[in-house]
Amino acid sequence: MGMLHSQSQCRIVEWPRSEGSDLRIRATGVGKDLWGFPAQPPTMTIGAMRSFQSLLFSLPLPTAVGRMRHRTIHLFRKGLRLHDNPALLAALQSSEVVYPVYILDRAFMTSSMHIGALRWHFLLQSLEDLRSSLCQLGSCLLVIQGEYDAVVRDHVQKWNITQVTLDAEMEPFYKEMEANIRALGEELGFEVLSLMGHSLYNTQRILELNGGTPPLTYKRFLHILSLLGDPEMPIRNLTAEDFQRCSPPELCLAECYRVPLPTDLKIPPESISPWRGGESEGLQRLEQHLADQGWVASFTKPKTVPNSLLPSTTGLSPYFSMGCLSVRSFFYRLSNIYAQAKHHSLPPVSLQGQLLWREFFYTVASATPNFTKMAGNPICLQIRWYEDAERLHRWKTAQTGFPWIDAIMTQLRQEGWIHHLARHAAACFLTRGDLWISWEEGMKVFEELLLDADYSINAGNWMWLSASAFFHHYTRIFCPVRFGRRTDPEGQYIRKYLPILKNFPSKYIYEPWTASEEEQKQAGCIIGRDYPFPMVDHKEASDHNLQLMKQVREEQYRTAQLTRDDADDPMEMKLKRDHSEENLTKTKAARMTKQT
Ligand code: FAD
């Protein structure tokens, strides 16, 4: 470790992203690290480090980074935004020319992410928005189609690239991509700088504080966070000035590497969702929500309604998932609102609590082998699920015969987003509730159809709902008739997504097969002809599955305990209350009948 002589000769190699990480500064021309802070230095607190980092980011560029040196490709993967984008800012601050590049590697995206048509549209819209924002700041976006390894190799050589910057991601396939780019860097002699921008914390740091393993319950997770303190602050928005300090790519490149249209990629044009991709749209939606400070402060997830016609939660997940919005920015905007409110809700049910669920699954996924699979996954119960392609297909294509489940699956297919409790209902029905089909199958369907499909969150929640991990009140099974009726007794949601049922009176809308033939005729829908009969007897199937699950949990007691949290499922607080109220009313009614 040496001394930092002059800032103007230096550039930042690695920011202190968390308490444990070093700040490394490299002297240009010398090519080795001169100065670093060890973890938790006695004289410098994390707060001081953060201030130092903020100070450096806010300094006029030449002072902060010294001589512009690099010819950089900034590789967008997620992180499709210009706000709170540390890797892009670092690229701009250390380079004489920056090529903002998105590699559209269709084989990679189809095989690693199983990206469906709706998400393709959302992605292309997000890229177009990013391109337009970059253009406004004097740069452009180059969307290069091809196999990413070959694209990087070709363009590094063509453009004499000395540095590749990118967001650090935690999915195995993205980690492998970064490792391959680093190997290429060794071979071709360019540097790679990756910075964390997609999560609130550096998950590595959470693991370290938890003794090298992930905290397996939300409660334990919150405890570790309490030791870490608040997440890092988001960095400032990028400005035209940032881009003016280095050259943009040659004009002709922007023409050559434009954002393709859906038709160029043969994506079905009918896949249109009410969610429009892009940072601009995401920010607009975020501002709309944050303007209602009372709603934000009192947000209590279990009180939100799964079958409202417009989302009763923020509906921001597609934007977080693709990195059009920064979770850190959102977290701190929420903190500001909480600071001004007399009272506000708390995790796990508050809005910040939702972001922490996200972080929880990211942390567990980052250190659990085979997180998205049952086999070889140490926290997941090993269950002999049924293999039944026909039943899986009926669930996927909204043909179960239960209007509540089919309306949910229709909204998912048409719009790419459904409420969290609607996800509960559909996932429970497929797995431990009715069909006893593997959560992996459901996860794959969600991965293809959800706009917000996310490696860690999707798998984590599917394990939860199937009671394969995290969730322990497996005796509570959602009823595909009563669940939706609680919050939408008239069935407006079903009428919207299953118009074939729209003329049924409300008392039949959740179970149209109970209507008489005459009533079905009047509704213009004959069950068994125009809409299917229920594919299972819910009572019979769920009783049977409950016994199976009980047996599995007894046999695999140790695994079941690994992720056991004694706290109740926060999402079920309201349902449980409703349920006990329902029971209470029934008991009261029974008593009164007896008395009379
Ligand atoms: P809000 O309630 O407004 O929450 C704000 C943000 O917090 C969300 O955008 C999301 O980023 C995060 N968040 C909220 N709930 C959760 C949760 N339970 N776990 C982790 N993060 C959460 N969410 C995804 O983003 N991608 C997925 O692939 C995904 N798959 C799911 C699969 C199943 C079976 C279930 C039950 C849930 C899944 N979720 C997934 C979690 C959750 O349903 C969605 O994040 C949420 O409904 C998105 O809506 P929102 O943005 O309005 O959420």
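This is a predicted model: local features need pLDDT of at least 70, side-chain atom pairs count only at pLDDT 80 or more; totals for chains, interfaces and linings use all residues.
Helices (H or I, at least four residues) and strands (E, at least two) are DSSP runs, numbered from the N terminus. In the model, local features need pLDDT of at least 70 and side-chain atom pairs count only at pLDDT 80 or more, while totals for chains, interfaces and linings use all residues. Residues are numbered from 1 along each chain as its sequence is written, and side-chain values use heavy atoms, with hydrogens and water left out.

I noted 29 residues surrounding the ligand, the closest being Thr313, Thr314, Gly315, His420 and Asp452; a residue is near if one of its heavy atoms lies within 4 Å. By class I found 15 nonpolar, nine polar and five charged residues, where Ala, Val, Leu, Ile, Met, Phe, Trp, Tyr, Cys and Pro count as nonpolar, Asp, Glu, Lys and Arg as charged, and the others, Gly among them, as polar.

**Domains.** I recorded that the ligand lies between domain 2 (277–366) and domain 3 (389–565), because both give residues to its shell. The domain bounds come from an automatic or database domain assignment.

**Ligand oxygen distances.** I read 2.5 Å from a ligand oxygen atom to an N or O atom in the side chain of threonine 314. A backbone N or O atom of glycine 315 also lies 2.5 Å from an oxygen atom of the ligand. For a polar backbone atom of serine 317, I read 2.9 Å to a ligand oxygen.

**Burial.** Taken alone, the ligand exposes 820 Å², and the protein buries 99% of that (Shrake-Rupley method, 1.4 Å probe).

**Backbone.** I found a cis peptide bond from proline 347 to proline 348, with omega near 10 degrees. Proline 348 lies in the loop between helix 15 (327–340) and helix 16. Asparagine 160, not a glycine, has a positive phi of about 50 degrees; I located asparagine 160 in the loop between helix 6 (148–158) and strand 7 (163–168).

Note on methods: A polar contact is a pair of N or O atoms within 3.5 Å; within protein, one must be able to donate a hydrogen and the other to accept it, and residues adjacent in sequence count only if both atoms are side-chain atoms.
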